[in-house]
Each structure stands twice: as C-alpha cells, then as structure tokens.
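Please read the following note beside the sequence and the model.

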Amino acid sequence: MTWREAFLRQARIDAELWRCLDETAFSHQLHYFQMVTEKLAKGYLTPATSAKPPSHTHIRLVRFMQQLKTAPASLREKLGFPRADAFRAYLDSLLPIATRIEALAPAVAGDNQPNPEYPWQEPSTGEIIVPGEYSFASITAEKVQYMKLVRLIRSVLAHVK
Amino acid sequence: MTVEEQAKKLAAQNKATESKISEIYWFPDEKEVRLVEVLDELPLQDSDELEVIYFNPEPDMPHQMAIGLVHPRQFKRLTLPHAWGTWETGRKLEIAG
C-alpha cells in the first residue's frame, strides 16, 4: 500500500466515526472533522509513488482546497459542480472557515488558543477552558460556511478511490 | 489518449475555467500528467518545494495527474517534486484563453 492510499483510507475510516458524532459535544465533531480533513488533504497532496510519508504538518486543508480547483472536469462534476466557475467560487468562499478548522489542531493552537482535544488557557482572562464545554463560537458563527465545508468533504470522501 | 494529449486537455480545461492562469507548463513523464500553472491570485507558498495535488485517473483522463499552482514571484524558485526534473524541462503549453 502507498502512503497516499493509506492516508485516504484512514480519512474514510475516521469519517465513519465522525458521522456518528452529530448528537455529541461539538468539540467531538470538530476533533474528528479536523483529523479527517487533515488526512484527506495529505492523501491528495501525496504522490501515489511516494516512498516517504507526508510531512507532519497539520496545515494542509487550505492548500488542498486551493489546489482542488484544478480538478479534472469529470471529478468536479462527480462532486456536484457541473460549472467550473461555481466550483471555484464555492472553494474560495470556504477558505476562511477552512483556515479556522486547520488551526484547531492542538499542535497549531498551542496552550492559548481553542482546540477540540485538550484544555487551554484563555489569554485575556487566564481562565482554563474545557474543550467539551466550549462553544467554539468562531466556528458556529459561520455555521452555513461550516456546513458547506462539511458537505464538500463528505462528497470528496465518497469519491476517494 | 497519450500523456501529452491528456496534459493538453487538462491544461485547456483549467485555462478555460480560470482566466487568471497566465502560463501552464507541462513536465513530460511516461505515466503521469505533470502540470505547473502560474496564477497570481494565490498566496505565496511558505515551503521550498512546489506543492502539488494528485488526482487519480478518471474515465476520460486515463493517466494519473499531478498539478502544482505557483505564484509568479515563486516561479522557478521553488524545488520541483522528486523525479520531475528541472524547471528547464517544463514545456510551455500554448493554450487559447
């Protein structure tokens, strides 16, 4: 098995659990969504012939979405976009929310920014926050964008070979 | 369909759908379509190697595809992926826009 195939397969396996989390704390949904998108992006950004695993960076989703604009028309149409300009506009509109999802990885967020996995300290108040009890308002404030991104990722996952 | 034919078809598709692509280069390979598309409405890369997305074959595109987007300021300044050769091996495709 190649590294590319392994990352794409694990993204689909993570997504099986992610889809079961709709009734759970939003932090659980975000935790798995971030992991699914990272692995999916790494899979697509890794050549089929690569003998090396992708780098350990967590910053891959936005780059993946920018590059996805170059998808062949047949794949774009399978994803539900007969028109290329609409596909590009859709992807561009989701880059801000994708940037926020990318930043949820604990290694990116650090000890002072929200992440869905580990408690962190709010710098302005000094309060220590439990992810499972946090609102993630920066994500929920853009719920439509979040839902559009979820829809896109589900569609891409459905067409991973 | 040969790799070159598919490269030109994919380049034409992308140019037709993104008018801001200024140039497209094809890096010949026997099995894989390898394109670099120059686009100025693109954030600069913060890594040294050109980042590429890989698409599996489609029914009308039988060869594996690899496409990199590059900002004009980073054109020929980034390292190409392993086995792509040098920037000089890239052939500019004349695509009607």
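1. Strand β3 (residues 52-55) of chain B and strand β4 (residues 64-70) of chain B pair in the antiparallel sense over 4 bridges; two strands pair if DSSP finds at least two bridges between them. B:Val52 has B:Gly68 in β4(B) as its bridge partner. Strands (E, at least two residues) and helices (H or I, at least four) are DSSP runs, numbered from the N terminus.

2. This is a predicted model, in which local features need pLDDT of at least 70 and side-chain atom pairs count only at pLDDT 80 or more, while totals for chains, interfaces and linings use all residues. Residues are numbered from 1 along each chain as its sequence is written, and chains are lettered from A and ligands numbered from 1 in the order in which they are written.

3. Chain B holds an open sheet of 5 strands in the order β3-β4-β2-β1-β5, with mixed pairing. Its edge strands, β3 and β5 (91-93) of chain B, each pair on one side only. Strand β1 (residues 21-26) of chain B is joined to β5(B) by 3 bridges, and the two run antiparallel. Here B:Ile24 has B:Leu93 as its bridge partner.

4. In chain A, helix α2 (residues 26-44) and helix α9 (residues 143-158) pack at an angle of about 50°, with their axes 11 Å apart. Axes are lines fitted to C-alpha atoms, for helices over the stretch in contact, and angles run from 0 to 180 degrees between N-to-C directions. α2(A) and α9(A) are therefore oblique to each other (under 35 degrees is roughly parallel, over 145 roughly antiparallel, 65 to 115 roughly perpendicular, and the rest oblique).
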